[in-house]
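Q: Please show me how to read this model, feature by feature. I would like the general idea and then the case in this structure.

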Amino acid sequence: MPAVTVENPLTLPRVVADADAVQRPVLAVTTAPSGFEGEGFPVRRAFAGIDYKHLDPFIMMDQMGEVEYAAGEPKGTPWHPHRGFETVTYIIDGTFIHQDSNGGGGTITNGDTQWMTAGSGLLHIETPPESLVMSGGLFHGLQLWVNLPAKDKMKDPRYQDIRGGQVKLLTTEDGGALLRVIAGDFDGHEGPGITHTPITMIHASVRPGAEVTLPWREEYNGLAYVLAGRGTVGTDRRPVRTGQTAVFGAGSALTLRADESQDGHAPDLEVVLLGGKPLREPMAHYGPFVMNTRAELQQAFEDFQAGRLGTVPAVHGM
């Protein structure tokens, strides 16, 4: 995984949970079903089967790949609308191109993140570059949807291009884990992603045999999704593996441990850690729109059909 790394984590600032921190229990471990998105690229639905009360303010997350494409196989998504939430696309391996009807866009690769606030609505498209389509190659990333509070759902769209080198790098007391803070405040350290909804998003690489106990904001929920590898979660060491999500209960610290033996292609336990302050608002969700009421959903569809969410730029031949 070529996402941003360092040779010696002990050169980084260290994060240590308080000795009297209350450990979060593991409420559930779920396994993501596989499916296809867009024009047919493979995904794992990370939050399938998890009660929304444990996810709020997160809506869904797809692990895209990990897949080794042959020449001509790479796929993306067609132009499609969004309103009422934010999409976070984090690329670990490979390259993706984003363009939206609000003028946002760019290319992300190996550790980069695109943070799109759909807000009042826009159209966007995500595609592999022509070079990847021609040659094939490895592709691996994830896309997270973050709900917006009712007061922000109709804000103007915004686009953030977060380079891998901008993420805040931290480690644990013994250097057993590399923590990449993509967004939010984590123990006083700020990630580069600017969020409307208070959240923390971290990509952690835990070395084989290492156990890490991290401080966690008590007002946030806690989720850990395994991108690759095997390990355990919680003080009772519940087993987890690639494609599984651990749901944590209340507390001020959470614990992860990597198994002594890992897969050859992924030497570390790779985990995405998510925490957010629940909105506790009604949610009406259908397809690309996430609003608070059915009437707002209907309005979103009508606005899309009337062309009020934007038009496809002429550069794409329309």
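Reading the model

Q: What kind of model is this, and how are its residues numbered?
A: This is a predicted model, in which local features need pLDDT of at least 70 and side-chain atom pairs count only at pLDDT 80 or more, while totals for chains, interfaces and linings use all residues. Residues are numbered from 1 along each chain as its sequence is written, and side-chain values use heavy atoms, with hydrogens and water left out.

Q: Which residues does the cis peptide bond with omega of about 20° join, and where is Pro57?
A: Elements first: helices (H or I, at least four residues) and strands (E, at least two) are DSSP runs, numbered from the N terminus. The bond joins Asp56 and Pro57, and Pro57 sits in the loop between helix H1 (52-55) and strand E5 (58-69). Another cis peptide bond, with omega of about 15°, links Gly65 to Glu66; Glu66 is part of strand E5.

Q: What does Gly111 touch?
A: Contact means heavy atoms within 4.5 Å. Not counting residues up to four places away in sequence, Gly111 touches Ala3, Val4, Tyr90, Ile91, Ile92, Arg163 and Gly164. Gly111 and Val4 are 107 residues apart in sequence, yet their C-alpha atoms are 5.6 Å apart in space. Gly111 lies in the loop between E9 and E10 and is buried, with a relative accessible area of 2%.

Q: How many residues does helix H3 have, and what should they span?
A: The expected span of a helix is 1.5 Å times one less than its number of residues. Helix H3 (residues 294-305) has 12 residues and should span 16 Å; its end C-alpha atoms are 17 Å apart, which agrees.

Q: Which residues of H3 are buried, and where do they fall?
A: Leu297, Ala300 and Asp303 are the buried residues of H3. Seen down the axis, they fall within an arc of 125°, so they line one face of the helix; the arc is that of the directions from the helix axis to the C-beta atoms. Strand E26 (284-286) and strand E27 (289-291) are among what covers these buried residues. On the face turned away from the buried side, H3 carries the exposed residues Arg294, Ala295 and Gln305. Just after H3, Gly307 takes a positive phi of about 80°.

Q: In what order do the four strands of the open sheet stand?
A: Strands of a sheet pair through backbone hydrogen bonds, either parallel or antiparallel. Two strands pair here if DSSP finds at least two bridges between them. The order is E19-E24-E21-E22, with antiparallel pairing. Strand E19 (211-215) and strand E22 (238-241) stand at the edges with a single partner strand each, so one side of each is left without a neighbour in the sheet. Strand E21 (residues 230-233) and strand E24 (residues 253-258) pair over three bridges, and Val233 stands opposite Leu256 in E24.

Q: Which strands pair with E14?
A: Strand E1 (residues 14-15) pairs with E14 in the parallel sense over two bridges, and E15 pairs with E14 in the antiparallel sense over four bridges. Four of the five residues of strand E14 (residues 168-172) are buried, so this strand is largely enclosed by the rest of the structure.

Q: Which residues have the most contacts inside the largest nonpolar core?
A: In soluble globular proteins, nonpolar side chains tend to be buried together. A nonpolar core is a set of buried Ala, Val, Leu, Ile, Met, Phe, Trp, Tyr and Cys residues joined through side-chain atoms within 4.5 Å. The largest has 31 residues, and those with the most contacts inside it are Phe47, Phe58, Met61, Leu144, Met201 and Leu274. A second, separate core of 27 residues includes Val15, Leu179, Tyr220 and Phe248.

Conventions:
Buried < 20%, exposed > 50% of the residue type's maximum accessible area, 1.4 Å probe, protein only.
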